[in-house]
Amino acid sequence: MNQAEDKKRQNIENYFRNIEQCLRDTAKQLKDGQIPHDKWEELKVYADKLPNIIVDEIGQDKANEISRLLKITASKQPDHSSIPEIEAAAGKFKGLVVIISTGHKPLDIKQSQRQKILLPIPLSPSRRNFISTGVGTSVGLTTGWLVGQNVNLSPINWKMVSFLKENAQKFILYKAPQMICDRVREMTQGGFNIEIDKNDNQKIDTQDILKNVSNGNIQCGYSGIYYNDERYKVLFFGCAIPFGLTPQEQTAWLLYKKNPDDVLTFIQQIYSTKLNLNVIPFPAAATGGQMGGWFNREVNTVTDFKGIKMRIPGLGGEVLQKYFEVTLDKELPGGAIPIDQIADELKQDNINAAEWVGPYDDFQLGLHNVAKYYYYPGWWEPSTTFDILVNRNAWEKLPKEYQRIFQTACLETYTKLLAEYDTKNSEKLQELRRLEKIGKIRLVRFSNEILQVAQKKTDELLTLYSSNATFKEVYDEWSSFKIKIRDWSNLNKI
């Protein structure tokens, strides 16, 4: 047994000597101006095999955690500025080797006390504890540096709710939360797990997501901010503004920082500094340009809108309500119409028009089967954005590495969904043209009169809300940004 324990100890010593040498070689290559691709790949192998080497000393869970953290570290290439820390880590591994190698002293047992048949001498509890503590502490400290300060070796578990219920599974927008959860879990090797709480999805109203995240009842929630009440209209500048920015311009606006050194974007800062919300929003989905909705009657002039009952949210709905004499679905008995009931309400003539997103998602609802006139462009939502709202306290407790991974997953999902909408909408447009040829539907552009009046009334509405100082401040910043970026966009039109 002693021989077996000595062999195990030697294996651990050699393993950490190899890691130490790998780190020292990495530092040397960086000093020589080389990129240590080979050594960092070598570190990945050590990280992968590490649990089998030290599992008996520190337990399976901690061994797996340390392995996972080393894998995360090895996934990023170091640069010249990392040399001092890499050399320090190498020194810690060297110290670990010394601890292990000197932790055993042969038991001093007199010959006279031995039995005639030599029995194996078990490893003393104190020696075993000494080695286990040395391995656990030293490796923990070292990997703590490797992945960032204040690393919690225990997996981090968050809960998320979504504004889209199970009845929306067919839509592209629905996929964003699960894509982010899967990506974060994958990139953190299971260290950061976000679960979509399907029960709370059903219980928490869309307007309550912002409140529940801010209060810390849930760590994060997926929502469109324009589903919230009057108090939060200023946040619509991060979601959808009629006659606003193109999708490309909107992306630039969402990432815009008034001061380049700011940690948060301009939009993110509004939540806490202007509205006292304990929330940080991260763009996670975008529909791109939308359509103007399905109508069961023609609307050639502004007066044709009078008396129409329509399903439409946000500022676009307000423009139609205040200036076009349209009745919104939220004013009707029963309130806002659930997504999966829009087609039935149109078919039964309980409403006369409805907008959802664009060709692909609208087809999933079957709107093309219950209304004939499909209008464009969707002037009220030219580039709609949906966010993952994160509780600020929960965010600040995350290791920096996990924060970067979360941000990356959100931005990646945002980009993928925007691309998917553009692709699938373009495909469905061809089917729409086919249906138009056989007389089943009509694709109709809003008249110039309607668009001109709608834009004028949108400006009046935004000016009206600018009586609020916070709204005016953000509106002015957004307007200035729009003028400059639109000048650039127009310059590059071919």
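**Close-up 1. Tyr465 and Phe471, a buried pair of rings.** Welcome to this predicted model; we start with Tyr465 and Phe471, both of which are buried. Their rings form an aromatic pair with 5.7 Å from centre to centre and 55 degrees between the planes. That geometry makes the pair of Tyr465 and Phe471 tilted.

**Close-up 2. Tyr15 and Phe16, an edge-to-face pair.** Here the ring centres of Tyr15 and Phe16 lie 6.3 Å apart. The planes of the two rings meet at 85 degrees, over the 60 that edge-to-face requires, so this pair counts as edge-to-face. Tyr15 and Phe16 are both buried. In total, the model has 37 aromatic pairs.

**Close-up 3. A cluster of aromatic residues.** Some aromatic residues come together as a group: Phe243, Phe295, Phe305, Phe324, Tyr375, Trp379, Trp380 and Phe446 make up one aromatic cluster.

**Close-up 4. The buried side of helix α9.** Look for Glu249, Gln250, Trp253 and Leu254, which are buried in α9. These residues sit on the same side of α9 because they span an arc of only 135 degrees around its axis. Among the elements covering them are α10, β4, β10, α15 (400–437) and α17.

**Close-up 5. Helix α10 and its neighbours.** Helix α10 runs through residues 266–273, and its buried residues are Phe266, Ile267, Gln268, Ile270 and Tyr271. What do the buried residues of α10 pack against? Their partners are the helices α8 (208–215), α9 (247–254) and α17 (469–491), together with the strands β4 (279–288) and β10 (384–391).

How values were computed
Residues numbered from 1 in each chain as written. Predicted model: local features only at pLDDT ≥ 70, side-chain atom pairs only at ≥ 80, totals over all residues. Heavy atoms only, no water. Buried < 20%, exposed > 50% of the residue type's maximum accessible area, 1.4 Å probe, protein only. Helix = DSSP H or I, 4+ residues; strand = E, 2+ residues; numbered from the N terminus. Contact = heavy atoms within 4.5 Å. Arc of directions from axis to C-beta. Phe/Tyr/Trp six-rings, centres within 6.5 Å; stacked < 30°, edge-to-face > 60°.
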